[in-house]
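Visitor: Hey, can we look at this one together? I'm new to this.
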Amino acid sequence: MSRVSAVLYSILISLFTLFVLLQVFFAGLAVFYTPVYWTWHITLVHVFEWIPLFLIVFSLLGRMSAWARLSSIGLFLLLIGQYVTANTREVPFISALHPVNALMIFLIAILATYSSWREVLGGDR
């Protein structure tokens with residue numbers, strides 16, 4: 001069970017990373033091409049917003065590293081931050097943190113993807 005959970009974690013964090021990249025792409029299309037893509041950007045998040053909760057579970061069941069567990073929790077909290085920054089238009093300074101927070105999500109997702117596959121494939125525990 002722990003090996004299967006670790007592999008599932010690695011697959012999910014990889015998908016999550018790709019979804020984040022796609023989110024940034026849709027935001028770019030909305031800004032530089034046509035605002036129609038804001039709908040795609042807003043809708044896509046609902047496809048992958050729950051992945052970090054599954055990552056937390058699989059990191060525990062897979063007996064993965066502390067980094068895997070903490071990064072999963074961090075991604076979940078940063079996603080909550082995305083909703084806060086996207087919906088706090090009364091304070092523009094907070095809204096302006098939305099793309100900065102997205103960069104943090106992407107960075108952590110890339111690092112977690114790399115380390116999880118290294119852990120799963122290389123036995124690095």
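Visitor: Which helices do the buried residues of α2 pack against?
Guide: They pack against α1 (2-32), α3 (51-61), α4 (66-86) and α6 (97-122). Helices here are DSSP runs (H or I, at least four residues), numbered from the N terminus. Heads up: this is a predicted model, where local features need pLDDT of at least 70, side-chain atom pairs count only at pLDDT 80 or more, and totals for chains, interfaces and linings use all residues. Residues are numbered from 1 along each chain as its sequence is written, and side-chain values use heavy atoms, with hydrogens and water left out.

Visitor: OK, which residues in α2 are buried?
Guide: Tyr-37, His-41, Leu-44, Val-45 and Phe-48. Buried means under 20% relative accessible area, exposed over 50%, and partly exposed in between (1.4 Å probe, protein chains only). Seen down the axis of α2, those buried residues fall within an arc of 105 degrees, so they line one face of the helix. That arc is taken from the directions from the helix axis to the C-beta atoms.

Visitor: And what's on the face turned away from the buried side of α2?
Guide: Thr-39 and Ile-42, which are exposed.

Visitor: New topic: is Ser-71 buried or exposed?
Guide: Ser-71 counts as buried, because its relative accessibility is 3%. Ser-71 is in helix α4.

Visitor: What does Ser-71 touch?
Guide: Leaving aside neighbours within four places in sequence, Ser-71 is in contact (heavy atoms within 4.5 Å) with Tyr-9, Ile-108 and Ala-112. Also, a polar atom of the Ser-71 side chain lies 3.2 Å from the backbone oxygen of Ala-68.

Terms used
Helices (H or I, at least four residues) and strands (E, at least two) are DSSP runs, numbered from the N terminus. A polar contact is a pair of N or O atoms within 3.5 Å; within protein, one must be able to donate a hydrogen and the other to accept it, and residues adjacent in sequence count only if both atoms are side-chain atoms.
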